Amino acid sequence: KEWEELQQRRLSLQLRDGAIRYLGVWFESTPGWAVQRRILADKFATLSDKISRGGPNREQAVYCINATINSMLKYPLQLASVPVTTLRQWDTGNRSAVRAAGKLPKALPVGLFHLPKEQGGLGLESLELAVGRVQIANYMVILNTPGMPGRVVQAGRARYLRRREKGTLHA
């Protein structure tokens, strides 16, 4: 009886709004990633708020954002599709948290936040760039995979070249 209740509870934790969680990513039966996007947005808001309320200095804020927020968001974004505008909003939120923690001027160039420390920047990872790099790397691996996965991606690329569809991975 107890085992059955625990299994039912565990299963209910894996289902949400018609989506099922598998390896940390919420998959939906309908096209799109609405549930995953909502969950990621909620996690971003919660973690960003916790970091801001913790009163970190600039270095601590950059470390916390890179190590917690960005790493937590990047894993599901290997598969899930989130608009670039959302990634830019999250990057803006991260920069605002670092700016507030370091008492930095609003006129500080955006690029300076994302430059590596070795190059004189603050070392804040850009979600937009990081997610793009991961998606391109995965695309290249699949593109060069023999068999069905590679053929599907190659066919998608050929279709893109014919139609010039915007907003696809093949662009």
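These legends walk through a few close-up views of one predicted model.

Local features are described where pLDDT is at least 70, side-chain atom pairs count only at pLDDT 80 or more, and totals for chains, interfaces and linings use all residues. Residues are numbered from 1 along each chain as its sequence is written, and side-chain values use heavy atoms, with hydrogens and water left out.

**View 1. Helix α2 up close.** This helix covers residues 34-53; helices here are DSSP runs (H or I, at least four residues), numbered from the N terminus. Buried residues (under 20% relative accessible area, with a 1.4 Å probe and protein chains only) in α2 are Val35, Gln36, Ile39, Leu40, Phe44, Ser48 and Ile51. Alanine 45 also sits in α2, but at 44% relative accessible area it counts as partly exposed, the class between buried and exposed (over 50%). After α2 comes glycine 55, with a positive phi near 65°.

**View 2. Helix α2 meets helix α3.** The axes of α2 and α3 (residues 58-74) come within 10 Å and cross at roughly 170°. Axes are lines fitted to C-alpha atoms over the stretch in contact, and angles run from 0 to 180 degrees between N-to-C directions. The two helices are therefore roughly antiparallel, the label for angles over 145 degrees. Contact means heavy atoms within 4.5 Å; on the α2 side, Leu40, Lys43, Phe44, Leu47, Ser48 and Ile51 take part, meeting Cys64, Ile65, Thr68, Ile69, Met72 and Leu73 of α3. Sorted by type, that makes nine nonpolar residues, two polar and one charged. Asp, Glu, Lys and Arg count as charged, Ala, Val, Leu, Ile, Met, Phe, Trp, Tyr, Cys and Pro as nonpolar, and the others, Gly among them, as polar.

View 3. Zoom in on leucine 73: leaving aside neighbours within four places in sequence, leucine 73 is in contact with Leu40, Phe44, Trp90 and Leu127.

Definitions and conventions: Angles under 35 degrees count as roughly parallel, over 145 as roughly antiparallel, 65 to 115 as roughly perpendicular and the rest as oblique.
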